[in-house]
Amino acid sequence: MPLMTHTASPTRRQLLGGAAGIAAFVVLRPAGAAVGDLEVAIANYTGHAQVRAGRVKLDIAELVDNGNVVPVTVTAESPMTAADHVKSIAIFNEKNPQRDVARFALGPRSGKASVSTRIRLAATQKLVAIAQMSDGSYWSHTVDVIVTVVACIEGEA
């Protein structure tokens with residue numbers, strides 16, 4: 001009976017299994033944050049118009065214990081009349097898989113320019129709130145948020 005020896009080279013089955021694992025990782029992993037995505041998302045929202053700081057307040061805790069449910073409120077200075085009102089408010093983030101977090105349509109009948117929601121944060125990052133006024137101007141407020149327990153962990157959506 002011949003003596004069987006073990007070779008150190010991988011078998012065809014091991015190579016195919018490894019290749020399938022790598023392909024699944026590439027296909028199933030969440031989209032990574034690319035540099036400049038935040039600016040691109042904001043430019044798409046504003047139509048590349050100038051965005052000035054002021055008239056908007058992004059109210060969010062600067063230190064968040066858990067990124068799964070983070071309360072956010074955005075208010076804008078406006079009399080909310082037919083001649084002078086906020087048309088829309090948008091919230092953008094720097095590191096979540098999607099930069100455009102929320103958009104709200106408002107008008108003079110809204111009563112006040114204030115919106116609230118809850119968001120998930122993938123990591124410590126910058127958030128930007130932008131308000132579009134009835135005169136076509138855009139105003140913003142930026143907050144850096146530190147997240148101690150992150151949400152949107154790889155494998156979740």
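A search of the whole structure finds 2 salt bridges. The structure is a predicted model. In one of the salt bridges, the side chains of Arg 99 and Asp 37 meet at 3.5 Å, N to O. Arg 99 is placed in the loop between strand 5 (86-93) and strand 6 (100-105), while Asp 37 belongs to helix 2 (residues 37-46), so the pair ties together parts that are 62 residues apart in sequence. Arg 99 has a relative accessible area of 6% and is therefore buried. Asp 37, at 27% relative accessibility, is partly exposed.

Another salt bridge is formed by the side chains of Arg 103 and Asp 100, with an N to O distance of 2.8 Å. Arg 103 is partly exposed at 49% relative accessibility. Asp 100 is also partly exposed, its relative accessible area being 30%.

The protein chain contains 2 helices and 9 strands. Read from the N terminus, its elements follow the order α-α-β-β-β-β-β-β-β-β-β. Of its 157 residues, 32% count as buried. Among contacts in the protein chain with a separation of 6 or more, 66% are between residues 24 or more positions apart.

An α-helix has 3.6 residues a turn, so residues three or four places apart point the same way. After helix 2 comes Gly 47, which has a positive phi, near 65 degrees.

Positive phi values were also computed for residues other than glycine. Most residues other than glycine have a negative phi. His 48, which is not a glycine, has a positive phi of about 65 degrees. This residue lies in the loop between helix 2 and strand 1. With a relative accessible area of 65%, His 48 is exposed. Met 80 likewise has a positive phi, near 55 degrees, and is found in the loop between strand 4 and strand 5. Met 80 is buried, with a relative accessible area of 6%.

Aromatic side chains were examined next. A pair of aromatic rings is described by the distance of the centres and the angle of the planes. The count comes to 2 aromatic pairs. In one of them, the ring centres of Tyr 45 and Tyr 138 are 5.9 Å apart and the planes stand at 75 degrees; planes over 60 degrees apart count as edge-to-face, so this pair is edge-to-face. Tyr 45 comes from helix 2 and Tyr 138 from strand 9, so the pair ties together parts that are 93 residues apart in sequence. Tyr 45 is buried, with a relative accessible area of 12%. Tyr 138 is buried as well, at 7% relative accessibility. Together with Phe 92, Tyr 45 and Tyr 138 form one aromatic cluster.

Ser 137 is buried, at 9% relative accessibility. Its side chain is joined to that of Asp 135 by a polar contact of 2.7 Å. A polar contact of 2.9 Å joins the side chain of Ser 137 to that of Trp 139. When residues up to four places away in sequence are not counted, Ser 137 touches Arg 52, Ala 131 and Gln 132.

Strand 2 pairs with strand 4 (residues 70-76) in the antiparallel sense over 4 bridges. Leu 58 has Val 74, in strand 4, as its bridge partner.

Technical notes: Residues numbered from 1 in each chain as written. Predicted model: local features only at pLDDT ≥ 70, side-chain atom pairs only at ≥ 80, totals over all residues. Heavy atoms only, no water. Pairing = 2+ DSSP bridges. Salt bridge = Lys/Arg side-chain N within 4 Å of Asp/Glu carboxyl O. Buried < 20%, exposed > 50% of the residue type's maximum accessible area, 1.4 Å probe, protein only. Polar contact = N/O pair within 3.5 Å; in protein donor to acceptor, adjacent residues only side chain to side chain. Contact = heavy atoms within 4.5 Å. Phe/Tyr/Trp six-rings, centres within 6.5 Å; stacked < 30°, edge-to-face > 60°.
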